[in-house]
Amino acid sequence: MLLLSNVAIVIGVQLLLGVASWAAPECTRSAEYCQERLMHPDLPEPKLGRKVEGEETSAYWRELGTQFVKDKLATQPKQGKAKNVIMFLGDGMGITTTSAARNLLGGEEKTLSFEQFPYIGLAKTYSVDLIVPDSACTATAYLCGVKGQEGTIGVNGAVPRTDCKAMLNESTHVDSIAQWAMDAGKWAGLVTTTRVTHASPSGVYAHIAERDWENDAEVEADCGPASGVQDIAYQLANGKVGSKLKLIMGGGRKHFVDSSKQAWGKRKDGLDLINEFKEADPQNVYVSTVDELMALDLKQPKRLLGLFQDDHLLYHMQTNETTTQPTLEQMTRKAIEYMSQNEEGYFLFIEGGRIDQAHHDNKARMALDETIEFSKAIAAARELTSEEDTLLVVTADHSHVFTYSGYAYRGSDIFGPAPVKAKDGKPHMVLSYSNGPGYDRFYDAETKERIDPTTLIKGDYDELYPAGVPLDQDTHGGDDVLVYAHGPWSHLFTGVYEQSAIPHLMAYSACLGDGLTMCT
């Protein structure tokens, strides 16, 4: 048993004017009691803070609970056929991310748009080979209904990552729900804040053994010349599914154009796939700025391609009045308006992809801001569609090792320090990471001591947050991810299930594919 008979609990009380220290009386009671006090410190009452009117009363919480019960009782399952299916993917959006993001709406008691959906489940994200997956194999799971190996897209578990020969065996290829939708006469499209050839959107249309094979030069580097492997951008332009997508919006121009044609191009095969798209049909429309997109008569295009950056779209917090890219909400609104023209309905994949990338860099402010932007896009989709004929599904591909802790006071800045100081007498932050590049910034290797994080974190949007283990990038987390559903057959999305069940549930509601559906 730990001997804690002489333990001093040092508490830092965070005030608006700074961080003050407070020491509890010396603990002279039993070791068990003192240990409990360390785990659950009795903090002094905050001098300043935000309170919601009525929270201090019993009636407030009883009324809130009663109303929730009434709302659940009033929610009746909808069992009509879904004409449209929209899947929203918050890349890297684990539960700690959504919980912390609520504070950006004004407080931890606030609600993100999709948290108002009536049905919620949990998806298990492991892959065929790894406990903790990446965004490639998870895309295969939630879009194709089959789990594969890490780094692969649109192929089953028999294809190892970077195996140039195994992926050429078409018996290993698995079609996505976009293909199922098109087979049923529906339109299919995708929207993302990343490159349109990045791992998550590629799950809509690609079959590849390596997520990084986004252009022919990358394929040749790993597989050699004349390997027969078609890169991801080529598959989007000319593949069985990619060439028939009605709408494609995001970033990543560089993977579509040869370097001899544009300085920003990365291809080596002489192709300009953007020009090929425009020349394939005079009614195909290509846009590259938000002004072009917003001015477009959506009745005009036979197919619509929007590529707004050479690489990923900028983070929302990097944009200003001179930025020429659209927001995720703007792209979502335009996509739904365009896709709604098909009387048979549509399948639309929409990704908030940069939540993940900000987390990889331990940039908590940008990750949470991207989550708010994602929530805005979902609110727009709910506004523009009807729950009677449109199934909305919101989920993440995986989580991150992002922590939200420290007994912070209500109303305090979650980007600031926790009130309880660490054992070394220095503050620690409410938000941090288990691993990642933030380690080096907050640890002095010479003195072998932590650096006081409050001396480094000043409120810049792109600043790093502390991490416990030094890595160039933080890792994904292996915990389950939430699945939120609204519309026809959304009640099926409750429970704990394999991530690969998600497209089968969506297909059931809209009578897609050759599996079990409401129509069979």
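Of the 520 residues of the protein chain in this predicted model, 53% are buried (under 20% relative accessible area with a 1.4 Å probe, protein chains only). Residues are numbered from 1 along each chain as its sequence is written. As the model is predicted, local features need pLDDT of at least 70 and side-chain atom pairs count only at pLDDT 80 or more, while totals for chains, interfaces and linings use all residues; side-chain values use heavy atoms, without hydrogens and water.

Turning to the overall fold, the chain holds 15 helices and 19 strands (DSSP runs: H or I of at least four residues for helices, E of at least two for strands). Its radius of gyration over C-alpha atoms is 25 Å, close to the 24 Å from the globule rule for 520 residues, so the chain is as compact as a globular protein of that length (the rule being 2.2 Å times the number of residues to the power 0.38). Among contacts (heavy atoms within 4.5 Å) between residues at least 6 apart in sequence, 71% join residues at least 24 apart.

Leaving aside residues up to four places away in sequence, L348 touches several residues, including V85, I86, M87, L190 and L247.

Methods. Buried means under 20% relative accessible area, exposed over 50%, partly exposed in between (1.4 Å probe, protein chains only).
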